[in-house]
Every structure is written in C-alpha cells, then in structure tokens.
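Hi,

Here is the structure I promised to pass on.

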Amino acid sequence: MVWAFLILTAVTVLAVGWDETSGLLGATWNSVVETGPFILLSVVIAATVKATGADRLIAVALSGRQTVAVFSAAAFGALSPFCSCGVVPLIAALLAAGVPLAPVMAFWLASPIIDPEMLVLTWGVLGPEIAIAKTLSAIGIGLVGGAAVIALQKGGHLQDVLRFEKKPATSCGSSPVTGEKPVWRFWREAPRRTAFVTEIGTMGWFLLKWLSIAFLLEAMMVAWVPMENLAGWVTGLGVWSVPAAAAVGVPAYLNGYAAIPLVRGLMEVGLQPGAALAFMVAGGVTCIPAVVAVRALVKTPTFLLYLGVAAAGSVASGLLYSLIA
C-alpha cells in the first residue's frame, strides 16, 4: 500500500512538470535529512530499551494507578525533547511492552506541542504568557487524552491498539530478551544484540517509508496551499478566529519553531492571542508527518481519539486563553 501510494503520488506530481517535481522531491529529501538525526536517536533509544529489557521496567512503573501515571506522562511529555515523529519508536516499544494506553496517550499528545527549547524561544519572541499557556495546554491536552482512554477502556473499548504485533526476539531455547531484570550490557548476549539490530531495522524502515510519504505531502501542501494567506484570513473572523485557526492548523504541517515568527507577524496585524495559541497547538500535534506515523502505528479507534482530542483540545485551549488573556 505504501509503495502504491508513493507511485500514485509521484505520477500526480510528475503531471505538474519536472521543475516543480524536482523542487518537491528536494524539499522531501531536506525534511528527511533534517529530521533524520532525531529519528535515528529515538530509534536507537527504543532499540536499547527493547534489548536491555528496560521496557518491562517502564511498563511496571506505568501500570500502577492510572491517574498518577497519566499525570506523570503528561508532564514529562510537555517537557521532553522528542518531536511528534521522533517519539513514535518509543511509543511503539512501550505499547508492545504492555504499557497501558492511557499514560502513553497522555505522553503522545503532550510531547509535540512544546519542549524546553521551544518554551524558551516562545517566551522570548511571543512573551511569557503565551509560552506558559502553550505549556499548560500541552499538559492539559495530555491529561484529557489519558482520561478519555481510561473512560473508554472501562466501557470495553480500545483493548486492541497496535496495527501490528511485535514479538520479543528469542534464541534457540532461550527466553525473551525482556526478562525480569534488565541487562544493561546487552551487547554481551547474542539474543539481545539480535533484538537490538532487529528493532533498529524494523522501526527505521517503518518510519522511513511512512515519513517519506508524509514529507512529500508536506512539500505539496507548502507549495500549493498558501498557509500565510489562510492564516491571515483567520485574523478577520472575530470570535470565530479560534476554531478557524485550529481548523487551519490541524491539517497543516507547522513546525513549532517556524510557527513562532509567523504567529508573531500575524499577531502584529490583528490575530487574537487565543487564535494564535490554537493555531500553534493544533499545527504542532496534528502535523502531517505526525498524523501519518500515528495512523500507521495504531488502529482506527485509537487514531481517531488522538486526532479528536488534539483538535478539540487546541480549540479549548485557545478559547480559554481568550477568556483570561
């Protein structure tokens, strides 16, 4: 399906002419290269967690009281350095290890909205109010996502999450690498080395093929959809600017760092702070690469919950900030 989609997309792109096609492919390649180090780091971390057996420790730590685990995951996600794509390997490893979906969802939603570097940059460019509001929005949306999972699972839903089952690596007559105690020097044992290499290959290929599609779609949107014009149009909608800003941000790729100067310019010409917040939050958590990766990893009900909480949370954050700002 991946390659069929790529071929269909390539045919569509080629129909517009070689010059524009080369630009789109170049933009796709640049995105892969720029994101590559972060994705590689995340894949290596996930593979190390798998090979050492630390995933079992994390699963046990997050399998206690769901409320406490969701609060911890949301707060950690808001302050973690992982981007929306880079966190995917860790999410896959945690879900495969049996970590409950509620804290995973809380972390997954909070992580792409803000990180320490983005917090500092937002503080300096847009002011401390929006920086703090964005951080609180990340935590709040994570909490809502975790709470929604808990409520749905009590009703018997969201019991089967992953679109594929990942089995722990084994060797002839040996037990799975995720034993009772982690083995931090995993390279000394052949089964664990195999698990490490296998995990890197599996998750690396998974991300490469899906993010290649995502970045190509991103390049097409940037080239063919005038985001600045759409965002500027939002400024004149008055009370409807917050949901409109979220609606523009939900499908659009909006790099959290690139959004900051764009939002500052829009605020200078009249964009309300609440709409600016909704625009940044929605664009960060539901950008095309993130959505494609989430859809490829989990089944439809979990994907729709992720998307719905992100969209509704961005609107709620903007409206609440408009009331108190």
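Below I go through the charged pairs and then the aromatic contacts. Please keep in mind that this is a predicted model.

Let me start with the charges. Searching the whole structure turned up 2 salt bridges. One joins Asp160 to Lys299, with 2.3 Å between the closest N and O atoms. Asp160 belongs to the loop between helix H8 (128-154) and helix H9 (190-224), while Lys299 sits in the loop between helix H14 (288-297) and helix H15 (300-324), so this contact ties together parts that are 139 residues apart in sequence. Both ends are partly exposed: Asp160 has a relative accessible area of 42%, and Lys299 has 30%.

The other salt bridge links Glu189 and Arg192, whose closest N and O atoms are 2.9 Å apart. Here Glu189 is partly exposed, at 33% relative accessibility, whereas Arg192 is buried at 8%.

Now for the rings. There are 4 aromatic pairs in the structure. In one of them, Phe76 and Phe107 have ring centres 5.5 Å apart and planes at 15 degrees; planes under 30 degrees apart count as stacked, so this pair is stacked. Phe107 is buried, with 8% relative accessibility.

Elsewhere, Phe186, Trp187 and Phe196 make up one aromatic cluster. Finally, Arg295 lies over the face of Phe303, 5.6 Å from the ring centre.

Best wishes

Key: Residues are numbered from 1 along each chain as its sequence is written. This is a predicted model: local features need pLDDT of at least 70, side-chain atom pairs count only at pLDDT 80 or more; totals for chains, interfaces and linings use all residues. Side-chain values use heavy atoms; hydrogens and water are left out. A salt bridge is a side-chain nitrogen of Lys or Arg within 4 Å of a carboxyl oxygen of Asp or Glu. Helices (H or I, at least four residues) and strands (E, at least two) are DSSP runs, numbered from the N terminus. Buried means under 20% relative accessible area, exposed over 50%, partly exposed in between (1.4 Å probe, protein chains only). Rings of Phe, Tyr and Trp (its six-membered ring) pair if their centres lie within 6.5 Å; planes under 30 degrees apart count as stacked, over 60 as edge-to-face and the rest as tilted. A charge sits over a ring if NZ of Lys or CZ of Arg is within 6 Å of the ring centre and within 35 degrees of the ring normal.
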